[in-house]
Amino acid sequence: MIRLLILLCLAQPVWTMRAAAQVLDDAGFDAYVTGRTLAFALPDGTPFGAEIYGPDRSVTWSTAPGVCQTGRWYADQGSICFVYDTDPTPRCWVVSLTDRGLRAASPTGTVLFEAEDPDPTLTCPGPDLLS
């Protein structure tokens, strides 16, 4: 009995344990993001950017006000990949749903988390109407 009490005392409290992340496939990712604007940050909380997820897997990504890229996302071998009109090189991420929102990990080691910004905004310039 004493051994059990010691083990329980040394164990991490249940309320501090994080739920296991659920890797999202294309259907799960689509259901979570479509129609939303999400902000992302590095693990230390440094803002990284925000993205609007439109219908038909369209996206608009911004790392700073007025700097926007439009593109599309698709699933490929367990990853969610993005290609943008200004850069057709695929950017792929393993995306998981955690207790704090999305977690995205790239093959290069970059990890992003869904930021807690309740209303991220993107400021993207419209087409030049005077040309």
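**Exercise 1.** How far apart are the sulfur atoms of C81 and C92, and what do these two residues form?

*Solution.* The model is a predicted one, and in it the sulfur atoms of C81 and C92 lie 2.0 Å apart. Since a pair of cysteine sulfur atoms within 2.5 Å is taken as a disulfide, C81 and C92 form one. The torsion about their S-S bond is about 110 degrees, so this disulfide is right-handed. C81 belongs to strand 6 (residues 79-84) and C92 to strand 7 (residues 87-98), so the pair ties together parts that are 11 residues apart in sequence.

**Exercise 2.** Decide whether C81 is buried or exposed, and then classify C92.

*Solution.* The cut-off for buried is under 20% relative accessible area. C81, at 0% relative accessibility, counts as buried, while C92, at 23%, counts as partly exposed.

**Exercise 3.** Characterise the disulfide of C68 and C124.

*Solution.* The sulfur atoms of C68 and C124 are 2.0 Å apart, and the two residues form a disulfide. With a torsion of about -85 degrees about the S-S bond, this disulfide is left-handed. C68 is placed in strand 5 (residues 67-76) and C124 in the segment after strand 9 (111-114), so the pair ties together parts that are 56 residues apart in sequence. Relative accessibility is 24% for C68, which counts as partly exposed, and 33% for C124, which also counts as partly exposed.

**Exercise 4.** Which pattern do the disulfides of the protein chain follow?

*Solution.* The structure holds two disulfides, and, when bonded cysteines are counted along the chain, their pattern is 1-4, 2-3.

Definitions and conventions. Residues numbered from 1 in each chain as written. Predicted model: local features only at pLDDT ≥ 70, side-chain atom pairs only at ≥ 80, totals over all residues. Heavy atoms only, no water. Helix = DSSP H or I, 4+ residues; strand = E, 2+ residues; numbered from the N terminus. Buried < 20%, exposed > 50% of the residue type's maximum accessible area, 1.4 Å probe, protein only.
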